[in-house]
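Take a look at the structure first, then read on.

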Amino acid sequence: MDDLDRQAPALRSLPPSCGPVRLIGIDGHAGAGKSTFAARLAAAVGGDVPVLHLDDLATHEELFAWTDRMLTQVIDPLAHGRTAHYTPYDWNLRRFGPPRALEAAPVVLIEGVGAGRRVLRPYLAWLLWMERDAEESWQRGRQRDGSGLSAFWDGWTVAETRHFAADPSRRYADALVRECHEGYEWRPGPAVTARPNQVITQGDCFPPTY
């Protein structure tokens with residue numbers, strides 16, 4: 001069992017934060033590696049942990065004004081122990097698709113820019129911040145998406161900067177996650193205090209789970 005697997009029981013043992021669900025937020029700059037990390041963390045926790053990608057709630061016109069959809073389509077049903085049904089946005093067709101189910105599982109991961117925003121924090125059991133600076137993250141994102149989306153990225157970086165200036169997440173993170181050459185290093189975040197269900201040990205480097 002690797003180091004990441006050893007942290008999974010601690011995540012599962014956190015007190016429920018949204019009805020019966022333990023919501024784990026994974027925030028950070030666009031291009032920081034949140035989606036890849038969320039997939040590996042979900043695999044380590046096991047039990048078919050659902051992952052909600054906030055890109056499915058945002059739109060071209062509402063890069064960050066998706067909180068009403070999040071609260072009504074996701075948070076409210078999960079808080080009542082029901083399966084949520086949200087309508088994912090198709091970034092190519094520029095319209096919402098058919099509803100997609102999100103089970104009220106014991107652990108649910110929410111990943112994306114703004115996962116730790118003010119309106120969501122009361123429902124989170126734990127908040128992780130991907131520790132990669134904005135410029136490096138954005139450059140990674142631009143390289144991933146190609147020159148065809150350069151105009152979108154120009155607008156995104158402005159919008160993201162404004163979002164974090166008005167509604168910062170990092171200062172509320174329970175853990176700061178930095179990608180290593182092999183795996184991830186977790187360090188206590190600014191919000192961590194001594195608690196019996198401490199999840200991380202400073203300096204742990206978690207090998208990737210495939």
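This is a predicted model: local features need pLDDT of at least 70, side-chain atom pairs count only at pLDDT 80 or more; totals for chains, interfaces and linings use all residues.

Is Ser137 buried or exposed? Its relative accessible area is 0%, so Ser137 counts as buried, the cut-off being under 20%.

What does Ser137 touch, once you skip residues up to four places away in sequence? The list is His29, Ala30, Gly31, Ala32 and Arg132. With Arg132 there's also a polar pairing: a polar atom of the Ser137 side chain lies 3.3 Å from the backbone oxygen of Arg132.

His29 belongs to the loop between strand E1 (22-27) and helix H2 (34-45). His29 is buried too, because its relative accessibility is 15% and the limit is under 20%.

Leaving out residues up to four places away in sequence, His29 touches Ser137 and Trp138, along with Lys34, Val113, Trp129, Arg132, Asp133, Ala134, Glu160 and Phe164.

## How H4 meets H5

The axes of H4 and helix H5 (residues 150-166) come within 10 Å and cross at roughly 155°. That angle is over 145 degrees, so H4 runs roughly antiparallel to H5. The crossing is right-handed.

On the H4 side, the contact is made by Trp138, Gly141, Arg142, Arg144 and Asp145. H5 brings Ser150, Trp153, Asp154, Trp156, Thr157, Glu160 and Thr161. Sorted by class, that's three nonpolar, four polar and five charged residues.

Technical notes: Residues are numbered from 1 along each chain as its sequence is written. Side-chain values use heavy atoms; hydrogens and water are left out. Buried means under 20% relative accessible area, exposed over 50%, partly exposed in between (1.4 Å probe, protein chains only). A polar contact is a pair of N or O atoms within 3.5 Å; within protein, one must be able to donate a hydrogen and the other to accept it, and residues adjacent in sequence count only if both atoms are side-chain atoms. Contact means heavy atoms within 4.5 Å. Axes are lines fitted to C-alpha atoms, for helices over the stretch in contact, and angles run from 0 to 180 degrees between N-to-C directions. Helices (H or I, at least four residues) and strands (E, at least two) are DSSP runs, numbered from the N terminus. Angles under 35 degrees count as roughly parallel, over 145 as roughly antiparallel, 65 to 115 as roughly perpendicular and the rest as oblique. A crossing is left-handed if the near helix is turned anticlockwise from the far one by less than a right angle, and right-handed if clockwise. Ala, Val, Leu, Ile, Met, Phe, Trp, Tyr, Cys and Pro count as nonpolar, Asp, Glu, Lys and Arg as charged, and the others, Gly among them, as polar.
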